[in-house]
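Good morning, colleagues. Please bring the sequence and the structure up on your screens, and I shall take you through them.

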Number of protein chains: 2
Amino acid sequence: MTTDLDDRNRRADAQRNRAAILDGTVTCLSVNPRASMAEIAQAAGIGRVTLYGHFSSRRELLEAVVEQTMHEAEAQLAPLDLGGDPRAALDLLIRSSWRIIDKLHGLMAAAEQELGADRIRDHHDRTLHRVRGLIERGQAEGAFRSDQSSSWITACFFAILHGASGEIRAGRLSDRDAATAIPSTIQAIVSVPAGDAVDVGKA
Amino acid sequence: MTTDLDDRNRRADAQRNRAAILDGTVTCLSVNPRASMAEIAQAAGIGRVTLYGHFSSRRELLEAVVEQTMHEAEAQLAPLDLGGDPRAALDLLIRSSWRIIDKLHGLMAAAEQELGADRIRDHHDRTLHRVRGLIERGQAEGAFRSDQSSSWITACFFAILHGASGEIRAGRLSDRDAATAIPSTIQAIVSVPAGDAVDVGKA
DNA sequence: ATCAATTCAAACACTGATGTACGACTTAGG
DNA sequence: CCTAAGTCGTACATCAGTGTTTGAATTGAT
């Protein structure tokens, strides 16, 4: 994007403000996904006009925030070693993911209304593929159930994470409990059901 | 409410229109949760002013629609016999629930923004208690896992149902597949995990 | 047939949000 | 210290949605 070149040329305070905006938008929208540009500006500690100086429309702002956020998330998840035992890898992925998803819940809701679900999915896709890839490997190795599509199991993975996020926000689930409940439930989802032909042992 | 008395006294066409409004609102909001009063009126096949004649504010309309919808849902779920084997009862409950939840997805989204999540939960509570009650019975009888709180398992139940609803709407899951995948996955969630002390046999 | 209830479209005031324009002020950086 | 870049508040135009009013036209009920 043009961003790289711009950043170098811009004055220090402008760069600082841009960062503050991106940051403030996330925290602001996670509290209230319908927050106005005025509220976002206030959350970022700057004037509304200055906000428009950096992003000429709400849409442009959302787009930038989503992109940066996805980039950050990717940076946290990419270095994970998801090789080895699929169960352990899945656990690792969950532990690294659920706080991110919790934090991003509001942002996604806001972005979905403004950018459309498809636009989100574009950004979401890498994370999605990572999860599905792992699940498919687990299925191939016989560690995960194969009687359901990887697509469905992946959807369940995200459904549980989002559900947990909601429970936490509603105060019905503590961070501590979430950390054990989520992995345990997802393991149950991917496991080969009791009655099936269990063909453990690497394929 | 005053509704009961009013309905008798009102003219036939007014009653017809009121029903059309309630009906149109659901279908309209399930397509677009942010639909305006004008769009809702159009969907109901009446003029915008007439809409305001029946419901003096958007909030009042939403309230009425949510109440009626919940009432209908309750009417479908209340007669179910959830006694006997908890697993079978859960399956029955799922089969009766998931289409309802799918249909109501948009309505809930709209209502949540307008009425606040708490207001929704008030209406949602009966359904929620029904599910949790069943889960707790299953836990007491040893049919369901007891190492996780009934509150969490209930949340997972709804998370899966909502997730499935999203997958269907996105075209990644067919109605047919959903009908088998959902029960199967929820059974996996409630089941006692393999490593545990399995104390089957009615308590 | 008549009367009251109901509907309708068009117009109105009001609100809240978006995006722009301006001139004064502050700050980074040479 | 000087200048250009950046910020600020205020004010403005615009737009979309809400809720109201009005007066004429339909329509149900008796």
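Predicted model: local features only at pLDDT ≥ 70, side-chain atom pairs only at ≥ 80, totals over all residues.

Directly after helix 6 of chain B comes B:Gly116, and the phi of B:Gly116 is positive, near 85 degrees.

Helix 6 of chain B covers residues 86-115. At 1.5 Å a residue, a straight helix of 30 residues would span 44 Å, yet the end C-alpha atoms of helix 6 of chain B are only 35 Å apart. Where does helix 6 of chain B bend? The bend is at B:Leu104, and it amounts to about 50 degrees.

Now to the fold of the other chain. Chain A contains 9 helices and 0 strands. Read along the sequence, its pattern is accordingly α-α-α-α-α-α-α-α-α. The C-alpha trace of chain A extends over about 65 × 40 × 30 Å along its principal axes.

I turn next to the relation between the copies. In general, two copies of a chain are related by a rotation about an axis and a shift along it.

Chain A gives 23 residues to the contact, and chain B gives 23 residues. Between them, the chains bury about 2000 Å², with 54% of that area on carbon and sulfur atoms. Which three residues supply more of the area that chain A buries against chain B than any other three? They are A:Arg34, A:Gln113 and A:Trp152, which supply 28% of that area.

What of the polar side? Between chain A and chain B there are 0 salt bridges. The count of residue pairs in polar contact between the chains, with both residues at pLDDT 80 or more, is 12.

Finally, the helices behind this surface. On the side of chain A that touches chain B, helix 8 (150-169) and helix 9 (175-190) of chain A each supply at least two residues. Helix 8 of chain A provides the largest share of that side, with 9 residues.

Thank you for your attention; I shall be glad to take questions.

Notes
Residues numbered from 1 in each chain as written. Chains lettered and ligands numbered in written order. Heavy atoms only, no water. Helix = DSSP H or I, 4+ residues; strand = E, 2+ residues; numbered from the N terminus. Expected span 1.5 Å × (residues − 1). Bend = angle between axes of the 7 residues up to and from the residue. Contact = heavy atoms within 4.5 Å. Buried area = accessible area lost by both parts, 1.4 Å probe. Salt bridge = Lys/Arg side-chain N within 4 Å of Asp/Glu carboxyl O. Polar contact = N/O pair within 3.5 Å; in protein donor to acceptor, adjacent residues only side chain to side chain.
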